[in-house]
Every structure is written in structure tokens, then in C-alpha cells.
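Visitor: Please walk me through this model, one feature at a time. I want to learn how to read each one.

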Amino acid sequence: MVSDGQKGHRPAISPAGAMVERMQALPARSLPLRRSLLFVPGAEPRKLEKAREAAADTLLLDLEDSVAPEHKREARQQVVAALRAGLYAGREVAVRVNAPGTPYFEDDLQAAVLAGAHAILLPKCETADGVAAVVDAIAALERERPGGAWARVRVLALIENPAGIANAVAIARSSPRVEALCFGHADFALLMGLAEADAGTGVVYHARCALAIAAKACGLAPIDCVHLAVRDEAAFRRDVEIGLQLGYEGKLCIHPRQAEIANEVYTPQPEAIAYAQRVVEAWQRAEAEGRGVFTLDGKMIDAPLVAVHQRVLERARRAGKL
């Protein structure tokens, strides 16, 4: 055993070294690369088939907003058929079910889990308890699957109301199955009583920032809101670049071309990769020399900035650029 007196002789740790220790102590989560998440209307067989060609990292087979009430059952059957046929091999496939409390939710959830969806995009998330209850229901359904052939179903929490924004951190921590917080700005704006859903100004922009902070605080991926001007590619690219600056890691998309642009923006560019490699190499040399900070190209670099560039390299690896 180490006595109290011996504890006092522990070598001093520099502030930079302490920062590195804290970062290393954080729990590591290996999350899928989700630069683009493309909504695919479940009631439209042609689009379900066409989605096989889309560049999106994640396909969101939609049973909610894009499906009229009279077509809900038909859409569910078509999504199940697509999942069981294995149309989207090699891609993450999530199903956006109708919200808990609607007459469609239980049948949607059961159909998606038993058909082999990788994830559930859960709309209208408001409380941690509500999300945890859905996770419990998913776990129960998984026990019904034949042979347990699939990995456990993940949850992407779609936050689109004031209560959800207020409880975002609690929702993120409600279950290890929750891997991403996604922002639904249109419904949020409606519930705030706003005439327009402009994600770049006012309280909607504030909520957009708050959700990114909450996700990052809990080690989850923040996924940015849709951009409704489908044909304005320049405006969409600007919106994705804003999301990148806010800390988002991916974008909800409503057109295949949007997915291509989102992938491009959220993939580190060659010059960023090259600089990150230089930073990490210089950091390794500084560590070997017992230095906690160093300069590169006339700029001081310390442990937190090194961690940023390490994440750039990790993201580049996952995107196939290294």
C-alpha cells in the first residue's frame, strides 16, 4: 500500500500533461461515420430502390413525415421488404418511426427491429425517461429475433422541440445505445411560434448551437438539421460549412445530391490532413524531449490543439483518406 506521505511524492504533472491524462481517461466510443444521413420516403418504392445508388453514409427509411396517414401501413410493409431483401448492403440503415404516443409507433418499432434495421431514428425526443423506455422496448424486441443474428439496434435521437433542447444532455446520457443527437429545426421553430424556420438566426440558431454542445459534452455525434432549399446547392454547401464550424459531424439530407456535398464538406481535405500529420509528428518529438508545448510555423501548439488534429486524422482514416 502507498502511505499518505508517499502520495505526496508523486511527480508533478505539467498542465499539458494533465490535459493529456484527462483526454485519455475519457471513455472511447467507436461511432459509425455519419457525414450524410439521407431521408428516403418509405411509401415510394422507386425512391427506396434508387437509394441503393445514393452516396449517403446512412439511409433513413422514413415512416413519419413523408408518409400520409392513409399510406402508413403500406410504407411500413415496403420498408420491411427492403430491409429483408438486403438492398443496402454495406450501409448503415436506420428507420424513422412515428413518434411514441401515435397509433403507428409500436407497429413501426416492431417491424423495423425484427426486419434488421441497424438503427432507429426516434422523432420528438423530449425526455431521458421517454428515450429509455423506447430502448427497453427495442431490447425486448431483439430477444424475439431468430438466432440473434444482428448487432443490437442503435438509437439516433431526433430533437425537434423546446423540451428536447432543454433536456438534450439528459437524453444523450439516457442509454449507451444513443449514438447521435439530430436537430429538427422546422418543428422546433413551429413550436416556438416562429413564422419561418431559419436555422441561421435567432433562437433556432441558438438551439442549433446548444444541441451540438450537448452532443459533444456526452461523446455523441451531433447531426445538423435539413436544408429545405433542395435546388440551391450553393446555399446548402454554406449551411453545411456553418454546421462544421459549430462542431457538427454530419447533416440530415433530403436529396441525394445534398448527401454528396455533405460528404465532401465533412471529410478532411488533403491540406488539413497534411497539417494534422505535421502537428502530431511535432508533438511526438516534443514529448520525447519533455516539452508540453511547441511551435510550428510560428504558432504555439499545446495538448488540446494536438487532440483536435488527432481527431482530424481519425476522421480522415474512417473516410478512407488515410
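**Reading the model**

Guide: Start with Asp187, which is partly exposed, its relative accessible area being 23%. Buried means under 20%, exposed over 50%, and partly exposed in between, with a 1.4 Å probe and protein chains only as cover. The model is predicted, so local features need pLDDT of at least 70 and side-chain atom pairs pLDDT 80 or more, while totals for chains, interfaces and linings use all residues. Residues are numbered from 1 along each chain as its sequence is written, and side-chain values use heavy atoms, without hydrogens or water.

Visitor: Which residue meets the side chain of Asp187 in a salt bridge?

Guide: Side chains of opposite charge can pair when their charged atoms come close. The partner of Asp187 is Lys124, at 3.3 Å from N to O. The cut-off for a salt bridge is 4 Å, from a side-chain nitrogen of Lys or Arg to a carboxyl oxygen of Asp or Glu. Asp187 sits in helix 9 and Lys124 in the loop between strand 4 and helix 6, so this pair ties together parts 63 residues apart in sequence. Helices (H or I, at least four residues) and strands (E, at least two) are DSSP runs, numbered from the N terminus.

Visitor: How far apart are the closest N and O atoms of Glu160 and Lys124?

Guide: They are 3.6 Å apart, and the pair forms a salt bridge. This pair also links distant parts of the chain, 36 residues apart: Glu160 lies in the loop between strand 5 (154–159) and helix 7 (162–166), Lys124 in the loop between strand 4 and helix 6. Glu160 is buried, with a relative accessible area of 4%. Lys124 is partly exposed at 29%.

Visitor: Which residues are linked in the network of salt bridges?

Guide: Asp62, Glu64, Asp65, Arg96, Lys124, Glu160 and Asp187 are linked. The structure holds 27 salt bridges. One of them joins Glu260 and Arg257, with 2.8 Å between the closest N and O atoms. Here both partners lie in helix 12, 3 residues apart, about one turn of the helix. Glu260 is partly exposed at 38% relative accessibility, and Arg257 is partly exposed at 30%.

Visitor: What about the backbone? Where is phi positive in a residue other than glycine?

Guide: Most residues other than glycine have a negative phi. Asp297 has a positive one, near 55°. Asp297 lies in the loop between strand 9 (294–296) and strand 10 (299–301). It counts as exposed, at 58% relative accessibility. Lys124 also has a positive phi, about 55°, and is not a glycine. The loop that holds Lys124 runs between strand 4 (119–122) and helix 6 (128–142).

Visitor: At what angle do helix 11 and helix 12 pack?

Guide: Two packed helices are described by the angle between their axes and the distance between the axes. Helix 11 (residues 233–245) and helix 12 (residues 256–265) pack at about 40°, with axes 10 Å apart. Axes are lines fitted to C-alpha atoms over the stretch in contact, and angles run from 0 to 180 degrees between N-to-C directions. Helix 11 and helix 12 are therefore oblique to each other. Under 35 degrees counts as roughly parallel, over 145 as roughly antiparallel, 65 to 115 as roughly perpendicular, and the rest as oblique. The crossing of helix 11 and helix 12 is right-handed. A crossing is right-handed if the near helix is turned clockwise from the far one by less than a right angle, and left-handed if anticlockwise.

Visitor: Is the crossing of helix 13 and helix 14 left-handed or right-handed?

Guide: It is left-handed. The axes of helix 13 (residues 270–288) and helix 14 (residues 303–318) come within 9 Å and cross at roughly 130°. This pair is therefore oblique.

Visitor: Which residues form a nonpolar patch on the surface?

Guide: Met192, Leu194 and Val203 form one, with about 200 Å² of accessible area together. Patch residues have over 30% relative accessible area and no salt bridge; nonpolar side chains (Val, Leu, Ile, Met, Phe, Trp, Tyr) are joined within 5 Å, like charges within 9 Å. Areas come from the Shrake-Rupley method with a 1.4 Å probe, and for residues only the protein chains shown count as cover. Leu194 lies in the loop between helix 9 (185–191) and helix 10 (202–217). Leu194 is partly exposed, at 34%.

Visitor: One last residue. Is Arg91 buried or exposed?

Guide: Arg91 is buried, with a relative accessible area of 16%. Its place is in the loop between helix 4 (72–84) and strand 3 (92–96). The C-alpha atoms of Arg91 and His118 are 9.3 Å apart, although 27 residues separate the two along the chain.
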